[in-house]
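Here's a quick briefing on a few helix contacts. Have the viewer open as you read.

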Amino acid sequence: MSRNGTSGNNGRLDVRKTYKMLIGGAFVRSESGRALDVMAPGGKWLGHVCRASRKDFRNAVVVARKAASGWAGATAYLKGQILYRAAEMLEGRASGFREVLQSIGLSPAAAKAEVAQAIDLLVYYAGWSDKYLQVFGAVNPVATPHFNFSVTEPMGVVAYVAGEKRPLLDLVAGIAPIVVGGNAVITLSTGRAAVAAMELGEVLETSDFPPGVINLLCGLREELVGQMASHMDVNALVIQGGEVKEHGAVRESCALNLKRFFLRDQSGKEDEDPYRILDTVEIKTTWHPVGG
Amino acid sequence: MSTGVTLSSGLNVQPHPVDEVGIKERVARLATRSIKKSSKVEGLKLALSMVDLTTLEGADTPGRVRQLCAKAMHLHSGRNDLPMVAAVCVYPTMVRVAREALKGTPIKVAAVATAFPSGMNPLSVKLEDTRYAVSEGAHEIDMVISRGDFLRGEYPRVADEIAEVKKACGEAHLKVILETGELGTLDRVRLASDIAMEAGADFIKTSTGKIQPAATPEVVLVMLQAIADFYRKTGKRIGMKPAGGIANAKAALNLLVMVREVLGPDWLNPDLFRIGASKLPNDILMQLEKERTGVYQGGDYFSND
Amino acid sequence: MIKTSTTVGSDWGYAPAPESADHFKLKDHYGLFIGGKFAPAVSGKRFKTINPANEKVIAEVADGGEKDVDRAVKAARTAYDKVWRKMSGRERGKYLYRIARIIQERARELAVVESMDGGKPIRESRDVDIPLAAAHFFYHAGWADKLGYAFPGKSVAPVGVAGQIIPWNFPLLMVAWKVAPALACGNTVVLKPAETTPLTALLFAEICQEAGLPEGVFNLVTGAGSTGAALVNHPGLDKVAFTGSTEVGKAIQKSLAGRGTRLTLELGGKAAHIIFEDATIDQAVEGIINGIYFNQGHVCCAGSRLLVQESVEQEVVAKLKARMETLIVGDPLDKNTDIGAINSKAQCDRIRDYLKIGEEEGAELFQTQCSVPEKGYWIRPSFFTKVAQSHRIVQEEIFGPVLAIQSFRTLNEALEKANNTPYGLSGGVWTDKGAKIFKVTRGIRAGVIWANTFNKFDPTSPFGGYKESGYGREGGRHGLRPYVELS
């Protein structure tokens, strides 16, 4: 956030950005009207972000569900094109993102590295779109005269809780494999990372993703993770950060609708991994006789 | 292989499977035909001459119908090279008004009948509906098939109804509306087309225009192919009418391309091809004006009736 | 009976709808593309490339000789050793993404040039060739940093320098099929396009410059048969890939016999197109059109032998005739043209010879009545009936819009006839019964089988033949294999 009062050009005042959440292709405030302060590491006040409510999450699930079947039916080629477009859009705004990341506490070198990695990660997963089925699918040599094949299918609606250590990259690393698998996603970003998340919304919105495929919320983990875990119309929950033990209550809630649960670590070592795509897809096997 | 549908008249209709992906590909390729210059102008005028100008609202009044008929007779001032539309299409209680308003012109009056649009009344009521419209002066009757019966596999019943309505039409021409949006698959659209033609339809028509989807190009192609096969089998030329959702000139020209390439030039006249529409004429007029003046047009310059 | 009520209608036809060719400019002459730069052939020789629709000269291109081939292979080797094999897969992929994007950006220009140079209708080059070429680069760009997943359990390395020779029927698409996987896997390339269709390959070389592709990674040597031979026989190649006739393919395999050079061949075909009585007949007829008349029949995997079940033979042939009569043969740059010009006089003469041979063999010829332009090379869509399995027109590849029609009674008979050929590139089957689809696809000995469709291509879908139609696959995960060294 470049939030100084004047920019130094003849005392001209900048027009400050209001940070809104991306839900169903529109930028909205929390229906609760609540906001959170964002503070730089030194204690300086940077600005406000929305404090998403359970109703915001509920609304996001509705739009995600609506978008999910269309996105699931999109060709692999199209999904790859859209993810690549997101990389193009992010590359175009790289310097802006470097500034944003620095303002929330990253060093210039770390900011530069993180933005470059986020762009390259989008390209990486774009390139998996029309390939992962060739790696994870199969034609199975059953012992009866049947043609038998296994394909992947998206789970539907996935919720993702991003870590805070790498404000931009943690979010991109979570979203990309989920959507390339054909799912719609609702994310939660917290703390200072929320700022990078909301900026990312602008990149995604200009990348031709159909509205509702990616929904970005920000707020407090303690208020929302329980909602994400217990919502009966969410198919999977992916959380970044923390230990298995810590998520006991969350995993119990997931059992309500047999929600699939995945824990990601914060090291970033496994960012480039097609098995993350496999995590949030189902496998469907079909049989058909071979004969006259 | 299944043995087909036997109608009570003894006629046998064979199921004729249709591949949806193949149909979509053919439709897409036909849509790449580029209609320019003189063939565009000719095509647009031809399309105008095929329009059944339609008003089918619960709120229709004699005044509304008279306005529609005025538009039908005189589409646009400032040009004397425009054809008249083929027909107006109204509810049975408006037929007399339409006949009166169109006196002295060749424009036909078509009436929807048989408990349009749902068809959910006993046959006796539907026949009475038909006879009433004919006695009021309708030249053409647009009937609906019983979709419920069709979807339950009661094909002889569906066919017999059509045959009865055809009798009740007397001299009037019968268009049979399949309501393709409710039939579900292209296989069923084909079967319904074949049954309707065997049972005596003069025209087969896609839709009531009251639900979506209505006349998609896929459904139109399947019906045109059915007509081609029926002609090959019997020597009879049955007409076709897509209705509903044909909002612009490009869509109309696409239809003409399909008719030309699937059925041939013989079908390119209002006796064998109609387009059920209300907003379409103005878009065609705008295109014609653009061809004449070289300038893109706006809606303010064309009457909204 | 029915009378027309307007004078307009019965004779409504399509006015000319020419695609504009004035938004770009071709050069008068082009050089070879070696080491990132355009330069004339060492000998200074050039040859003309003409538009087969009107026989006019479009441009002159360099006639590459042995010295030029040698220069190109050396440039490819230098680029391989110093730059390309050292670059990470991720960065290699980015070049290919750029190339894909630029193909999309220059799509219209490429399509028009393709139609002018080769004779195919603009609708095909615009809607099929160019988009597929871009898609091939997008697909393969994504593999560049993921090759370990394509070959589980193996270490993957490039092969080295690849010499590639491509035909004239899908000029730019063939560039994409060859170059994209080669580069994605870390190899460098020397490509020789067909003599009659060099132009889109030359524009592709420009695109490589625009994309900033490191010099020498892609090299282009234009020329004729002898240029191709010089390339194939160059000792500096690690791999040869050839698409063309079976005759030349065999010659190449022979001349490489004593060397360790890797070889893949994509050769001719005489595919059987089988239609059962329970097929969706109207769509099957459209499939026949796609199979043999699309691209003027200049398709190695064309469905050039129709095998129709006798019970529906009459219906199929009648509908086929009616559909064929609506095919528009004419100026490739007219947007309504369905069938364009035959690629060259030589090919046109060859097809005409086969038409004569067919009649001499006792078959019955049907040709449509459409008009064709005065200048240029044209063949009207044709088919032969009353043919025998032993006829030359049933055994040999004609490579034109000429179909041979035979009937069959049982599934086994159809399979027998389908497989009774030294070729094995492709096949097609139409039936509405699922189990039968799989039985037939299992039974046809060919590398690509289309069920209830025909001539569908996708970068993710492996393509290649059995038997004398060649070996190796292009596209998909399997298409990467020829371009990697596994250990």
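This is a predicted model: local features need pLDDT of at least 70, side-chain atom pairs count only at pLDDT 80 or more; totals for chains, interfaces and linings use all residues.

Residues are numbered from 1 along each chain as its sequence is written, with chains lettered from A and ligands numbered from 1 in the order in which they are written.

**Chain C against chain A**
- Chain C puts 22 residues in contact with 19 residues of chain A (contact: C-beta atoms, placed from the backbone, within 7 Å).
- On the chain C side, H2 (89–105), H4 (122–143) and H15 (434–443) each supply at least two residues; helices are DSSP runs of H or I, at least four residues, numbered from the N terminus.

**Helix H2 of chain C**
- The 17 residues of H2(C) should span 24 Å at 1.5 Å a residue, and its end C-alpha atoms are 24 Å apart, which agrees (expected span: 1.5 Å times one less than the number of residues).
- Its buried residues include Tyr95(C), Leu96(C), Ile99(C) and Ile103(C) (buried: 20 or more other C-beta atoms within 10 Å of the residue's own, with C-beta atoms placed from the backbone).
- Among the elements covering them are H2 (76–92) of chain A and H3 (107–118) of chain C.

**A helix pair in chain B**
- H2 (37–49) and H11 (280–293) of chain B pack at about 155°, axes 10 Å apart (axes are lines fitted to C-alpha atoms over the stretch in contact; angles run from 0 to 180 degrees between N-to-C directions).
- That makes H2(B) roughly antiparallel to H11(B) (over 145 degrees).
- Leu44(B) and Leu48(B) are among the H2(B) residues that meet H11(B), whose residues there include Ile284(B) and Leu288(B).

Definitions and conventions. Two residues are in contact if their C-beta atoms, placed from the backbone, lie within 7 Å. Angles under 35 degrees count as roughly parallel, over 145 as roughly antiparallel, 65 to 115 as roughly perpendicular and the rest as oblique. A residue is buried if 20 or more other C-beta atoms lie within 10 Å of its own, exposed if 12 or fewer, and partly exposed in between; C-beta atoms are placed from the backbone.
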